[in-house]
Amino acid sequence: MGDKLKIGVIGVGSISEHHIKSYLNNKEVVLHAFCDSNEARVKQKAEKHGVPNTYTDYRDLLADPEIDAVSICTWNNSHAPISIAALDAGKHVLVEKPLCKTVEEAYQVQEAVKRSGKVLQVGFVRRFGTNTEVLKTFLDNGDLGEIYYAKATCIRRLGNPGGWFSDVERSGGGPLIDLGVHFIDLCWYLMGKPKVKTISGSTFKRLGNRSNVRNLNFYKASDYNAEHNDVEDLASAFIRFENGATLTVDVSFTLHAKKDEVSVKLYGDKGGAEVEPEFSIVSEKHNTILNITPQINQVGFDFARGFQEEINGFVSACFGRTETRSPVEDGIEVMKMLCGIYESARLGREVEL
Ligand SMILES: NC(=O)c1ccc[n+]([C@@H]2O[C@H](COP(=O)([O-])OP(=O)(O)OC[C@H]3O[C@@H](n4cnc5c(N)ncnc54)[C@H](O)[C@@H]3O)[C@@H](O)[C@H]2O)c1
């Protein structure tokens, strides 16, 4: 590895733009190659960002000895195989969330991390938001006491992105694996990563993708196609941890809700906090309840800054200066929760981990 880290980006659809911009802002990095199975897209992206090498097969990109590290921004079904191939080719890996589709795959990725000795960071970008970072400082200093309850909601009233997102084979699931992954991880991380005991989940596929709805825009996959949809449109879950703490979560691609809603709340025995939609801390002093508003630039999650911090953290870990903030072990535990919720929903009863 030279003074600069040479980067390859695999999958150059929507989210790759955040990775690319953040790499371009990082002075220790050179963007060396892009890969996408869509040839026109990879050529256009490479031209836009002045990247010299393009590939349509990730194995060809991985065969380039000059590349030190890769970002994997492809569909979920390829996260594990590409991560394993990249690690075995001696590259450091930043893989988008979710780590993969199953717990078995997650363990296979961990094996590859162990045998390669390379860095693998899971794209839990919300761990890098300013709101999260500031709150973590308060939590680590015991200001909120012990967190015994957390609650996360991410409701889209209309927002099934279609294409691969709504094809369970390629995505692994619907809003739970796509959106729930962020919010479950965020709560679990801020709660101090307690061990999961039991999970009770339910999923619903009642409204379809509602591509019939007119005059209301929503987020769509790069290759939008509304024809195929076999993912859930709502998931809700109750997770009990071994330390007695609990987490409730509900997420949807579509629901007869009045408006979209994102909310992440944690409650401890000395104080509480709302991470989303607006960061605030609740406390009590001199027999008075205080609602505290931390003065930071953005009170909700700042995407651009979150991705920049995520990429900077990855680069620093690749140079061996710091440990990654979201290692494969955390990816495994989050996959256990996601798959546990799907399993509980399928069985119609609580499951024990
Ligand atoms: N961190 C976040 O907030 C966030 C937000 C959106 C998406 N994501 C994740 O990023 C990933 C990509 O999502 P997106 O919205 O950019 O999707 P997208 O469809 O816009 O882009 C994916 C790209 O990957 C390419 N691709 C798929 N499989 C490939 C393969 N095997 N080899 C080469 N190219 C391949 C596709 O052609 C496409 O161009 C997903 O895993 C998604 O969960 C993360």
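In which hand, left or right, does α8 pass α10 in their crossing? In this predicted model, the crossing of α8 past α10 is right-handed.

**Overall form**
- The protein has 353 residues and a radius of gyration of 20 Å, which agrees with the value near 20 Å for a compact globule.
- The C-alpha trace spans about 65 × 50 × 40 Å along the principal axes.
- Buried residues make up 49% of the 353 residues.
- Among contacts with a separation of 6 or more, 74% join residues 24 or more positions apart.

**Annotated domain**
- An unreviewed UniProt entry annotates residues 5-124 as "domain: Gfo/Idh/MocA-like oxidoreductase N-terminal".

**Helix α1**
- Helix α1 covers residues 16-25, where Ser-16, His-18, His-19, Ile-20, Ser-22 and Tyr-23 are buried.
- The elements covering these buried residues include the strands β1 (5-10), β2 (29-35) and β4 (69-72), together with the helices α2 (39-49) and α9 (303-318).

**Helices α8 and α10**
- The axes of α8 (residues 175-190) and α10 (residues 328-347) come within 10 Å and cross at roughly 125 degrees.
- That angle makes α8 oblique to α10.
- On the α8 side, the contact is made by Leu-176, Ile-177, Gly-180, Val-181, Ile-184, Asp-185 and Trp-188.
- On the α10 side, Val-334, Met-337, Leu-338, Ile-341 and Tyr-342 take part.

Definitions and conventions:
Residues are numbered from 1 along each chain as its sequence is written. This is a predicted model: local features need pLDDT of at least 70, side-chain atom pairs count only at pLDDT 80 or more; totals for chains, interfaces and linings use all residues. The radius of gyration is taken over C-alpha atoms; the globule rule is 2.2 Å times the number of residues to the power 0.38. A residue is buried if 20 or more other C-beta atoms lie within 10 Å of its own, exposed if 12 or fewer, and partly exposed in between; C-beta atoms are placed from the backbone. Two residues are in contact if their C-beta atoms, placed from the backbone, lie within 7 Å. UniProt positions are given in the numbering used here, feature names are shortened, and annotations may be inferred rather than shown by experiment. Helices (H or I, at least four residues) and strands (E, at least two) are DSSP runs, numbered from the N terminus. Axes are lines fitted to C-alpha atoms, for helices over the stretch in contact, and angles run from 0 to 180 degrees between N-to-C directions. Angles under 35 degrees count as roughly parallel, over 145 as roughly antiparallel, 65 to 115 as roughly perpendicular and the rest as oblique. A crossing is left-handed if the near helix is turned anticlockwise from the far one by less than a right angle, and right-handed if clockwise.
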